[in-house]
Every structure is written in structure tokens, then in C-alpha cells.
Amino acid sequence: LGILEQAQALIQQIPSSVRVDHRIRNALIHMWGKVGSVDKAKRIFDKISQPDHIGWTAMINSYGLNGMGDEAVKLFYQMPKESIDHLTYICVLNACSHSGLVDVARSIFNNIQTKTEIIYTTMIDCLSRRAAFEEAQQLIEQFERDHAPAITIYMPLLSGARNQKYSKLSQEVVDRMQKLFPNMKDSLVAASILLANVYASSGDIGKATDIKIELHKSGAKKRIGVTVTDIDGKLWKFRAHDRSHAESAEIHEQVDRMSKRIIEHGHKYDASWIVRPMEPDETIETLLCGHSERLAMAAHFIRNRKPKRIQMTKNLRICGDCHEVTKLVALIYQCEIVVRDANRIHHFHLNGQCSCQDYF
Ligand SMILES: [Zn+2]
Ligand SMILES: [Zn+2]
């Protein structure tokens with residue numbers, strides 16, 4: 001789940017005699033990394049006199065997940081060569097990808113003997129995040145020369161094109177995906193949603209609407225977004241526009257209060273992240289402010305007036321507007337916020353920046 005308090009409670013139940021076991025320590029490094037407590041993971045890693053390949057890889061991954069690419073790479077180069085395996089390569093490339101370290105990633109990638117689909121995908125992700133689209137496409141071609149085409153490899157290219165609002169490239173990628181993988185409906189729906197988002201954010205509302213109508217007609221269902229968070233030892237679950245809690249009225253009032261302050265700080269709602277048709281009684285503001293992450297944050301603020309740290313887990317990717325809003329909430333309210341979404345961990349710092357440096 002990635003919930004800090006639960007992790008802490010769990011560890012207290014492990015007798016200290018067992019805590020020194022290699023496997024337990026490796027699992028703890030992994031767990032602390034996942035909940036965003038890299039310093040705790042590192043403390044455990046440092047206690048292991050001779051870490052095995054799992055320990056090294058878990059620590060590299062902890063850094064990577066939390067946007068500390070330089071540390072991940074440093075550790076990778078300290079790692080004994082014979083311990084490096086397939087998973088290590090994925091973790092270090094992923095760390096580079098999430099910190100924008102393209103040159104380092106390229107040199108690691110070029111030295112890998114057996115390059116699998118996941119390794120290619122991770123490298124293409126790294127290039128696409130930095131808008132190196134030509135090189136990313138060349139890698140896809142290189143991959144397809146000696147492998148059967150794989151749909152997963154196209155998704156990072158599409159995400160990258162979306163982040164840059166390149167509608168032409170996005171359309172080309174989606175066309176190719178539809179041609180190569182006509183039966184992979186779930187992935188094609190995800191791709192079409194991204195494509196609609198590109199058109200909407202580059203001002204072509206007509207095309208965006210066409211795609212949404214098409215999706216609607218084909219009966220494609222978007223997965224429902226859920227945010228889970230721990231408040232005073234109790235798990236709270238929120239869907240978008242959730243009114244199922246006893247405190248719901250209060251929570252929505254708090255969202256309104258927070259939105260007002262965020263707007264005062266210059267936030268402008270980004271309607272391009274809205275991927276479904278609007279109902280007549282909805283506005284851009286009511287739609288975005290109902291996202292489950294905001295309800296979860298608001299619940300923390302009404303339960304504990306001045307929370308210092310908020311931790312939550314979202315089953316889908318956080319949208320760009322919620323990402324901006326969370327940065328501002330961390331800054332304005334001086335509260336550290338950690339969001340684990342479907343893709344990565346976002347560490348929103350008190351200075352209003354996120355560990356992902358907005359590559360998400
Ligand atoms: Zn959102
Ligand atoms: Zn982020």
C-alpha cells in the first residue's frame with residue numbers, strides 16, 4: 001500500500017534477532033523505498049556487511065523511485081559487476097529516466113549484453129521524457145528488427161509526446177499501435193485517452209471531442225480512480241467526487257478553501273486533463289476539484305489542522321492539474337506530501353517542487 005504508518009507498525013512487530021536476516025533486510029529496504037523513506041532504507045543497507053544482488057538492487061531502486069537518480073547511479077557503479085542482473089539494469093535505467101540522466105542511461109544501455117523488452121522500454125521512456133523522440137523511434141526499430149513488436153514499448157513514446165503536446169507524433173504512434181495490435185483493447189483505450197489529452201491541450205478541442213465520443217460509443221470503460229490514505233491509523237478511501245463519508249460536506253468545503261488559496265497563488269486550472277464529456281451542471285473547476293487526491297488531502301487538513309506529512313496512494317496516474325495543485329499545497333501549507341501513483345512516487349517538498357521534476 002505504501003503507507004508509512006503501517007510500515008512502521010509492522011517493523012515494530014519483527015523481533016530484532018530476525019531483523020538482521022539478509023532477506024528481511026532486503027525486504028525492508030524495498031519497503032522503505034516504496035513509502036518514500038529513502039534515508040531509512042539507506043540506514044538498513046549500510047548495516048549489511050556484504051549485500052547480495054537483491055540488496056544492491058533494492059537500494060538502487062529506492063533511490064530511483066524517489067527521484068534520486070545521481071545516488072542510484074553512484075551505487076550502481078559501486079556494485080560488484082558479477083552481482084548485476086537484469087533487474088538491476090531495469091532499476092538503474094528507471095532511476096536515470098526519472099531524473100533525466102539520458103547520457104548516463106545511454107552508456108549503461110549500450111553496455112548491456114542481453115537487452116530485453118523491458119530494458120528497451122525503460123530506455124525509450126528515458127529518451128521520451130527528454131523529448132529525444134527520434135532516438136526513441138530508432139530504438140523501437142532496432143528492437144523490432146530481432147523481436148516481435150510489443151505494445152508496451154510504444155506507451156512511453158506516446159506519454160513523452162503527450163507531455164510535449166506533440167499531436168502529430170502522438171497520432172502517428174496511436175495509428176501504429178492500432179495497426180500492429182488491433183486486439184489489445186485496454187492498451188488502445190489508454191492510448192486514445194492520451195491522444196485526446198494531447199489534442200485538448202494543444203487547443204484542438206474538436207479532435208479531442210471526436211476521440212472521446214468514439215471511446216464512449218465503443219463502450220470503453222476508464223478505470224475508476226481511487227486514492228487511499230491513512231489518517232490517525234484509519235484507512236480512508238476516496239473516489240472522484242466522493243460524498244460517502246460522514247465528513248464529506250466538511251471535506252468538500254476544505255477543498256474549496258484550498259482551491260481559493262491556490263488560485264491566489266496564481267494557479268490556473270488545466271482543462272486538458274479532463275478526459276470525459278462534461279455534464280451540464282459541471283464546470284472545469286468542479287470537475288478537477290473533485291479528483292480523489294484533493295479530497296484525501298482535504299480530509300487530512302480537517303482531521304489534523306496542521307499536518308506535517310501526508311502520504312497517499314493512487315491507483316492511476318496523477319493528473320497534471322492535481323500535480324500542480326499538490327505542489328502548491330505543499331508550499332502554502334508547509335506540509336510534505338508523498339503520492340504513490342500507478343507510475344512512480346511523487347515527493348512534494350516544502351519548496352513547492354516535486355521529486356519527479358514534472359517528468360511523469
Ligand atoms: Zn487530478
Ligand atoms: Zn511529481
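What spacing do the donors of the zinc ion (ligand 1) follow along the chain? The spacing is H-x27-C-x2-C. This is a predicted model. The domain assignment divides the protein into domain 1 (1-142), domain 2 (149-222) and domain 3 (226-348).

**The zinc site**

- The protein donors of the zinc ion (ligand 1) are ND1 of His291, SG of Cys319 and SG of Cys322.
- His291 and Cys322 link distant parts of the chain, 31 residues apart. His291 sits in the loop between α16 (284-289) and α17 (292-303). Cys322 belongs to helix α18.
- Both His291 and Cys322 are buried.
- Cys319 is found in the loop between β3 and α18.
- Cys319 has a relative accessibility of 10%. The cut-off for buried is under 20%, so Cys319 counts as buried.
- Cys319 and Asp341 are 22 residues apart along the chain. Their C-alpha atoms are separated by 9.9 Å.

- Strand β3 covers residues 309-314, and five of its six residues are buried. The strand is therefore largely enclosed by the rest of the structure.
- Strand β1 (residues 226-231) runs antiparallel to β3, and three bridges join them. Across this pairing, Thr229 stands opposite Met312 of β3.
- Strand β4 (residues 336-340) runs parallel to β3, with five bridges between the two. Gln311 has Val338 in β4 as its bridge partner.
- How does the chain cross from β3 to β4? It passes through helix α18 (residues 320-332), and this β-α-β crossover is right-handed.
- The hairpin of β1 and β2 has two residues between the strands. In this hairpin, Asp232 takes a positive phi near 50 degrees.

**Helix α6**

- Helix α6 spans residues 69-78. Gly69, Ala72, Val73, Leu75 and Phe76 are buried in it.
- Seen down the axis of α6, these buried residues fall within an arc of 160 degrees, so they line one face of the helix.
- Which exposed residues does the face of α6 turned away from its buried side carry? That face carries Asp70 and Lys74.
- The cover over the buried residues of α6 includes α4 (38-47), α5 (53-65), α7 (86-99) and α8 (102-110).

**Domain 1 and domain 3**

- The centres of domain 1 and domain 3 are 29 Å apart, taken over C-alpha atoms.
- The contact between them takes 16 residues from domain 1 and 13 residues from domain 3.

**Ile151**

- Ile151 lies in the loop between α10 (133-146) and α11.
- Is Ile151 buried or exposed? Ile151 is buried, with a relative accessible area of 8%.
- Leaving out residues up to four places away in sequence, Ile151 touches Met177, Phe181, Met184, Ser187 and Leu188.
- One of these, Leu188, is 37 residues from Ile151 along the chain. The C-alpha atoms of Ile151 and Leu188 are separated by 9.1 Å.

**Positive phi in two loops**

- Lys165 is not a glycine, yet it has a positive phi of about 60 degrees.
- Lys165 lies in the loop between α11 (154-163) and α12 (167-180). Its relative accessible area is 42%, and Lys165 is partly exposed.
- His241 is also a residue other than glycine with a positive phi, near 60 degrees.
- Where is His241 found? His241 is in the loop between β2 (234-239) and α15 (248-264).
- With 32% relative accessibility, His241 counts as partly exposed.

Technical notes:
Residues are numbered from 1 along each chain as its sequence is written. Chains are lettered from A and ligands numbered from 1 in the order in which they are written. This is a predicted model: local features need pLDDT of at least 70, side-chain atom pairs count only at pLDDT 80 or more; totals for chains, interfaces and linings use all residues. Side-chain values use heavy atoms; hydrogens and water are left out. Buried means under 20% relative accessible area, exposed over 50%, partly exposed in between (1.4 Å probe, protein chains only). Helices (H or I, at least four residues) and strands (E, at least two) are DSSP runs, numbered from the N terminus. Two strands pair if DSSP finds at least two bridges between them. A crossover is right-handed if, with the strands pointing away from the viewer, the path from the first strand over the helix to the second runs clockwise. Donors are N, O and S atoms within 2.8 Å of the metal (3.2 Å for Na, K and Ca); water is not among the atoms, so sites may look incomplete. The arc is that of the directions from the helix axis to the C-beta atoms. Contact means heavy atoms within 4.5 Å. Domain bounds come from an automatic or database domain assignment.
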